[in-house]
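Open the model in your viewer and get ready to select side chains.

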Amino acid sequence: MRLTDDSAHMDDAVDYCGPATLVIEGEEFETRVRLSGFFQPIDGTYRWHGRTDSGTRSLARFGRDRASGAIRTAHGQAAVIIDEIDLWGRYRLRGSGRPPFPPA
């Protein structure tokens, strides 16, 4: 099931939009995320990506450097790469394999 949101700066369809916990270096950060995914037939991997909401300011201490960690939602947990912050203060998230949400 794909969800849509009326957000002005993120109006693409998403697979999951809701609360999540990011775990980086043993610390937990509560946030809201928007995640989408797709099956990559070339290598047979499910890839997913998205962004945190702009309220995830507590991640700022990691700066603009890439960080590895985990993401948890009510649907599951997965390894995640957290990198690149945009002008709205949202961090890009990406992962591969089983996503932390039910695939569409």
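Here is a short walk along the salt bridges.

First, some ground rules. This is a predicted model, where local features need pLDDT of at least 70 and side-chain atom pairs count only at pLDDT 80 or more, while totals for chains, interfaces and linings use all residues. Residues are numbered from 1 along each chain as its sequence is written, and side-chain values use heavy atoms, with hydrogens and water left out.

Side chains of opposite charge can pair when their charged atoms come close. A salt bridge here is a side-chain nitrogen of Lys or Arg within 4 Å of a carboxyl oxygen of Asp or Glu. How many salt bridges does the structure hold? There are 8.

**Stop one.** Select Arg72 and Glu28. Their side chains form a salt bridge, 2.9 Å from N to O. Arg72 sits in strand β4 (residues 67-73) and Glu28 in strand β2 (residues 27-40), 44 residues apart. Strands are DSSP runs of E, at least two residues, numbered from the N terminus. Arg72 is partly exposed at 28% relative accessibility; Glu28 is partly exposed at 48%. Buried means under 20% relative accessible area, exposed over 50%, and partly exposed in between (1.4 Å probe, protein chains only).

**Stop two.** Select Asp83 and Arg94. This salt bridge spans 3.5 Å, N to O. Asp83 is in strand β5 (residues 76-85) and Arg94 in strand β6 (residues 91-96), so the pair ties together parts 11 residues apart in sequence. Asp83 is buried at 9%, whereas Arg94 is partly exposed at 29%.

**Stop three.** Select Asp86 and Arg90. Their closest N and O atoms are 2.5 Å apart, in a salt bridge. Both residues are buried.

Note on methods. Helices (H or I, at least four residues) and strands (E, at least two) are DSSP runs, numbered from the N terminus.
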